[in-house]
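Good morning, and thank you for making time for this item. I would ask you to bring the model up on your screens while I go through several of its features.

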Amino acid sequence: ASVDRGSAPDFTAKEIDEQPAAARRLLDGLLGRLQGGQLLEDLGLGAPARIRLVACGTSGHAAEVTARVLAVEGAIPTRVVTASEPDLAVPEPGTLTVAVSQSGETADVLAALDRWGDPVLAITNAPRSSLARRADAVLGLGCGPEVGVAATKTFTAQVVAGVALALAVASGTGRLSAARLAHLEEVLDGLPMRLATTAARAAGPAADLAEELAGEPGVVFVSRGAGVPYAREGALKLEELTYRWVEAVPAGELKHGPIALLGPGTPAVVVAAKPRGRLAVGIAEMTARGARAVVVGPPEDATLPTCAPSEEPPWGPLEAAIALQLFAREMTVRLGHEVDRPRNLAKSVTVE
Ligand code: AGP
């Protein structure tokens with residue numbers, strides 16, 4: 001069926017806007033099913049001893065967030081495998097393979113699954129895809145069609161679904177207490193509202209920043225801890241839409257090489273995350289070289305303001321993703337590039 005973009009200027013704009021509603025729908029189906037690993041039981045899966053997440057691109061960033069929550073809240077041995085580079089993942093007993101793919105048709109993901117004999121859970125927006133058919137269980141995103149080649153609403157939804165899975169696994173092992181789970185469910189429940197507030201807060205600043213930085217040849221992205229996958233995702237969004245060079249690294253890695261890229265005025269996007277103190281060191285290192293720090297985070301000290309919970313949750317500053325999507329889209333419009341169909345890219349990459 002053809003999809004209508006209504007009054008939105010492009011599908012990407014429409015899909016960025018749809019994120020609070022998509023997150024709400026998904027959370028309504030997931031919250032209340034996490035205690036004791038209920039979600040796994042509902043999916044017909046046993047409690048895994050370890051988890052292997054396999055994905056590409058943006059879906060890989062959502063997988064990184066999921067892995068962190070599994071590690072922090074459940075101490076579950078977890079590995080994120082880039083689907084096109086599966087050699088390092090050796091078969092280990094008791095592993096659940098979680099394939100994350102919005103399209104469910106990514107050839108590298110499907111090929112990687114042929115290597116392991118483990119049960120497969122698909123996290124996908126395409127319940128009738130090749131991946132969904134191949135998987136033993138499917139956790140659907142229910143986002144509706146995503147037309148823009150740059151994944152936006154499916155990224156947010158993959159994070160929500162992955163976090164819910166991680167919390168269910170952690171609760172099932174008993175490592176995540178009922179009280180902590182209840183607290184985290186409450187924080188998740190507030191996510192749609194925070195995403196909507198972030199979109200409203202960041203829209204104007206994202207447009208201004210895009211105007212200022214449109215002439216820049218490249219942008220560096222940094223964060224720390226749980227913010228790193230969002231720095232990587234913001235960088236991927238910017239490069240695929242604007243064709244600018246990007247470098248995305250944990251802030252602590254700057255001094256090991258990437259700091260050489262910085263000169264007077266180099267834009268350095270900082271995704272605010274805990275621990276703030278150590279991130280502040282990274283910002284100071286960059287500004288000392290003349291870089292222009294662009295902070296994405298709570299309004300007090302941010303160029304791109306978000307609405308974040310007062311205490312950083314284990315899945316990190318997810319709200320920053322929407323601010324960075326808006327920024328990437330605005331810069332694309334200013335550069336006169338096609339927003340929904342960037343050059344050289346396909347929505348589903350069906351070749352290995
Ligand atoms: C996202 O903006 C990209 N277009 C791309 O990295 C994408 O996430 C990747 O190709 C994986 O696609 P999938 O989620 O359909 O497997």
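Val296 touches Val269, Val270, Val271, Ala272, Ala302, Leu304, Thr306, Ala320, Ala323 and Leu324, leaving aside residues up to four places away in sequence. Contact here means that two C-beta atoms, placed from the backbone, lie within 7 Å. Please note that this is a predicted model, in which local features need pLDDT of at least 70, side-chain atom pairs count only at pLDDT 80 or more, and totals for chains, interfaces and linings use all residues. Residues are numbered from 1 along each chain as its sequence is written.

Where does Val296 belong? Together with Ala99, Val296 touches the most other members of the largest nonpolar core, which has 112 residues. Helix H7 (residues 153-173) gives the most to this core, namely 13 residues. By nonpolar core I mean a set of buried Ala, Val, Leu, Ile, Met, Phe, Trp, Tyr and Cys residues joined through C-beta atoms within 7 Å. A residue is buried if 20 or more other C-beta atoms lie within 10 Å of its own, exposed if 12 or fewer, and partly exposed in between. Helices are DSSP runs of H or I with at least four residues, strands are E runs of at least two, and both are numbered from the N terminus.

Helix H7 also packs with helix H2 (residues 19-30): their axes come within 9 Å and cross at roughly 20°. The axes are lines fitted to C-alpha atoms over the stretch in contact, with angles running from 0 to 180 degrees between N-to-C directions. H2 is therefore roughly parallel to H7, a term for angles under 35 degrees. On the H2 side the contact is made by Gln19, Ala22, Ala23, Leu26, Leu27 and Leu30, and on the H7 side by Lys153, Thr156, Ala157, Val160, Ala161 and Ala164.

I turn now to the backbone. Most residues other than glycine have a negative phi. Tyr243 lies in the loop between helix H10 (228-242) and strand E7 (245-250), and is partly exposed because 13 other C-beta atoms lie within 10 Å. Asn344 likewise has a positive phi of about 65° without being a glycine. Asn344 is found in the segment after helix H12 (319-335) and counts as exposed, with 7 C-beta neighbours inside 10 Å.

Methods. Parallel < 35°, antiparallel > 145°, perpendicular 65-115°, else oblique.
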